[in-house]
Amino acid sequence: FHSSPTVDLELSQIEVAADNMSNSLGLKVPLPTTVKITARPLLTGTFEMNLAVNDEQFATFTQNFRMEHVPAVGVNSVFQKYLKVRVKSGEIGIYSELTSDKGIYHGYVKPFFYHLEFEPKPSDEGNPGAIWSGVLNTVKGLFENDKQVIATESEISGRADQPQVDS
């Protein structure tokens with residue numbers, strides 16, 4: 001797996017539990033195997049993923065996950081590349097659900113940004129580029145709700161045998 005920019009999301013206290021794994025054919029339960037994964041992203045966040053899968057048809061599953069209370073400074077490389085600014089403080093949360101039946105999947109991902117505050121990149125301090133962080137702090141205020149949260153939802157759908165990402 002490769003991404004640009006590189007984002008190192010350190011996970012600690014990882015726990016994985018898989019139940020009812022079976023290679024028996026013809027089980028009456030459509031998604032007999034369950035997997036639960038928990039972890040602590042960047043030491044303070046929480047991550048939980050639940051997966052139910054059909055062992056005979058791995059392309060048939062349901063999945064949901066949530067990641068909360070992740071310090072936004074932990075993904076500063078992304079903010080610096082795409083917004084040309086650094087995060088001074090705030091948290092990120094991501095929620096997702098995905099269902100696949102015989103390789104055709106549908107779902108969503110919802111990123112949440114809590115109490116974000118931007119600051120200039122070190123190379124921009126004292127330069128006109130430093131004004132950009134102030135502009136972003138002002139604009140984000142227009143999109144925040146009363147609890148200083150910015151959120152959106154993106155639909156996910158497609159075929160497992162034809163993976164494609166639109167950007």
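Reply: Let's begin with surface: accessible areas come from the Shrake-Rupley method with a 1.4 Å probe, and for residues only the protein chains shown count as cover. Here the accessible surface of the protein is about 11,000 Å², and carbon and sulfur atoms hold 56% of that. This is a predicted model, in which local features need pLDDT of at least 70 and side-chain atom pairs count only at pLDDT 80 or more, while totals for chains, interfaces and linings use all residues. Residues are numbered from 1 along each chain as its sequence is written, and side-chain values use heavy atoms, with hydrogens and water left out.

Me: How many helices and strands are there in the protein?

Reply: Helices (H or I, at least four residues) and strands (E, at least two) are DSSP runs, numbered from the N terminus. This protein has 2 helices and 8 strands, and the order from the N terminus is β-β-β-β-α-β-β-α-β-β.

Me: Which strands does E2 pair with?

Reply: Two strands pair if DSSP finds at least two bridges between them. E1 and E2 are antiparallel, with 7 bridges; Glu15 faces Thr38 of E2 across this pairing. E2 also runs antiparallel to E3 (residues 46–54), again with 7 bridges. E2 and E3 make a hairpin with 4 residues between them, and Leu42 in the turn has a positive phi of about 50°.

Me: Is Asn76 buried or exposed?

Reply: Buried means under 20% relative accessible area, exposed over 50%, and partly exposed in between (1.4 Å probe, protein chains only). Asn76, which sits in helix H1, counts as buried because its relative accessible area is 11%. A contact means heavy atoms within 4.5 Å; leaving aside residues up to four places away in sequence, Asn76 touches Arg86 and Val87. Across the protein, buried residues are 29% of the 167.

Me: What lines the largest pocket?

Reply: On a 1 Å grid over the protein atoms alone, a pocket is an open set of points where a 1.4 Å probe fits, with protein on both sides within 12 Å along at least five of seven lines; lining residues have an atom within 4 Å of a point. The lining of the largest pocket has 23 residues, and Val7, Leu9, Met67, Val78 and Ile94 lie nearest the centre. Helix H1 (76–82) is one of the elements that supply at least two lining residues.
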